[in-house]
Amino acid sequence: MSAGEKRPRIVVLDDYERCLRALADWSDIDRMADARVYHEPLRGDVLHAALSEAEVVVLMRDRTPFRAELIERLPKLRYVVFTGTRNTALDTAALAARGIPVSHTEWGPSKDSTAELTWALILASTKRLEAQFTTMRSGGWRDNSPLSGVLAGERLGLIGLGEIGGRVARVGKAFGMDVVAWSPRMTAERAAEKGARAVSLEELLATSKVVSLHLVPTDHTRNLMNAERLDQMRGDALLVNTSRSALVDMAALVEALRTGPPAAAALDVYDSEPVAADHPLRSMHNVVATPHIGFVSQPVFERFANGVTECLRAWLRGEEIVRPLPAVS
């Protein structure tokens, strides 16, 4: 780059964890470009102002929707990188129409991380750990909260039995649970391969103590857990969602949790993130909630950070685009 030549602007969005710089070497990128990292979510005019001069945008998964109407307002945009391998909030067709290439990073063990969080949430709810932690920290020993449950001998219903659902199934078997599964394309053979038994959705909801969601939202599964299906669950059931909020009618869930069924919910995903400070799910005593951390772990973010710098370095040097998305037909 010659003296006086303006360096390209790189804008990194939604690095809530402040990890992308901490886990990778940005020194050569900083010599070649003006890289700005935002750690808080930006929306509306504030988002546009932050991106207005950007030639490169780095997205942390799909935390910020990157749709055609926003892309059209960014005339200087030349390249997009996102972390992970899939971004459902990115309008790739709009980018392709302008000839803007898109790269992604590798994943790391996010499926293991999400399966582990699923069980952390199930156990936290079943063993009423939040109340126990609070009692101990306040100097108490016992309180009058309801007694905890036992999972052994209970039924675990898995809606979706892919890589994450399969991991959850294996743990359920280890706990001595009866594991059943349903998905739009489930077969008895596929369920048996993961140690589960295929049943109808109606049977799964009516008989499972724990119902855990592990599907990708499609036209057939979006709002799958609506008011009618929530009402089909056992009165003492726990609904767990570490997948996508689009699988659940979240407004209907809030209402159902006030009267039952289900008796409780354990959630890591929400319609709008971050969740509003006054959202009712934050204050309901029968809800265990985490701030979408299923994939958030050290090894995953190391892959993200090094993948982002690898992509940026190649683009800044005029080299071949790293891990490009296939062209949109």
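Which strands does helix 12 (residues 298-316) lie across? In this predicted model, the helix lies across strand 1, strand 3, strand 4 (79-82) and strand 5, and it runs at about 165 degrees to strand 4.

Strands of a sheet pair through backbone hydrogen bonds, either parallel or antiparallel. Here, five strands follow the order 2-1-3-4-5, and their pairing is parallel. Strand 2 (34-37) and strand 5 (102-104) are the edge strands, each pairing on one side only. On average, neighbouring strands of the sheet are turned by 15 degrees against each other, direction ignored. Strand 1 (residues 9-12) pairs with strand 3 (residues 56-59) over three bridges, and Val12 has Val58 in strand 3 as its bridge partner.

The whole structure holds seven aromatic pairs. One of them joins Tyr79 and Trp315: the ring centres are 5.6 Å apart and the planes meet at 10 degrees, so this pair is stacked. Because Tyr79 lies in strand 4 and Trp315 in helix 12, the pair ties together parts that are 236 residues apart in sequence. Tyr79 counts as buried because its relative accessibility is 0%, and Trp315, at 15%, counts as buried too.

Trp107 and Phe295 form an edge-to-face pair, with 6.3 Å centre to centre and 80 degrees between the planes. Both residues are buried. Together with Phe301 and Phe304, Trp107 and Phe295 form one aromatic cluster. The ring of Phe295 also has the charged end of Arg61 sitting over it, 4.3 Å from the ring centre.

Technical notes. Residues are numbered from 1 along each chain as its sequence is written. This is a predicted model: local features need pLDDT of at least 70, side-chain atom pairs count only at pLDDT 80 or more; totals for chains, interfaces and linings use all residues. Side-chain values use heavy atoms; hydrogens and water are left out. Two strands pair if DSSP finds at least two bridges between them. Helices (H or I, at least four residues) and strands (E, at least two) are DSSP runs, numbered from the N terminus. Axes are lines fitted to C-alpha atoms, for helices over the stretch in contact, and angles run from 0 to 180 degrees between N-to-C directions. Contact means heavy atoms within 4.5 Å. Rings of Phe, Tyr and Trp (its six-membered ring) pair if their centres lie within 6.5 Å; planes under 30 degrees apart count as stacked, over 60 as edge-to-face and the rest as tilted. Buried means under 20% relative accessible area, exposed over 50%, partly exposed in between (1.4 Å probe, protein chains only). A charge sits over a ring if NZ of Lys or CZ of Arg is within 6 Å of the ring centre and within 35 degrees of the ring normal.
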